[in-house]
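Please keep the sequence and the model in view while reading.

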Amino acid sequence: MMFVENSQDNKDICMQYCGSCPSFNKEGGKLLFCSRGNIAKNIERKGCKCGMCPVAIQHKLDGGYYCIHGNLDTLID
């Protein structure tokens, strides 16, 4: 697992996946939750595409629903 940089390249890649997410309506252009953390909003789970995202694959991230939980791999105890 590696840290996900909050870069424009990663945002562009994420937009291809997060932009058509069945659970999250991309309000205000928010995305790249695996880097930036979750949002303070109730989101109904209708499916998650994070596991198919090249950013998540490249950084060997586990899990999904980063819009709800953030990236649990980067949490510090």
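The sections below cover the basis of the model, its fold, its surface and its cysteines.

## Basis of the model

This is a predicted model, in which local features need pLDDT of at least 70 and side-chain atom pairs count only at pLDDT 80 or more, while totals for chains, interfaces and linings use all residues. Residues are numbered from 1 along each chain as its sequence is written, and side-chain values use heavy atoms, with hydrogens and water left out.

## Fold and contacts

The protein has four helices and zero strands, where helices (H or I, at least four residues) and strands (E, at least two) are DSSP runs numbered from the N terminus. Read from the N terminus on, the order of elements is α-α-α-α.

Taking a contact to mean heavy atoms within 4.5 Å, 60% of the contacts between residues at least 6 apart in sequence join residues at least 24 apart.

## Burial and surface

Of the 77 residues, 34% count as buried, a term that means under 20% relative accessible area, with exposed meaning over 50% and partly exposed lying in between (1.4 Å probe, protein chains only). The protein exposes about 5,000 Å², of which carbon and sulfur atoms supply 49%; accessible areas come from the Shrake-Rupley method with a 1.4 Å probe, and for residues only the protein chains shown count as cover.

## Cysteines

With a relative accessible area of 7%, C53 is buried, whereas C50, at 23% relative accessibility, counts as partly exposed.
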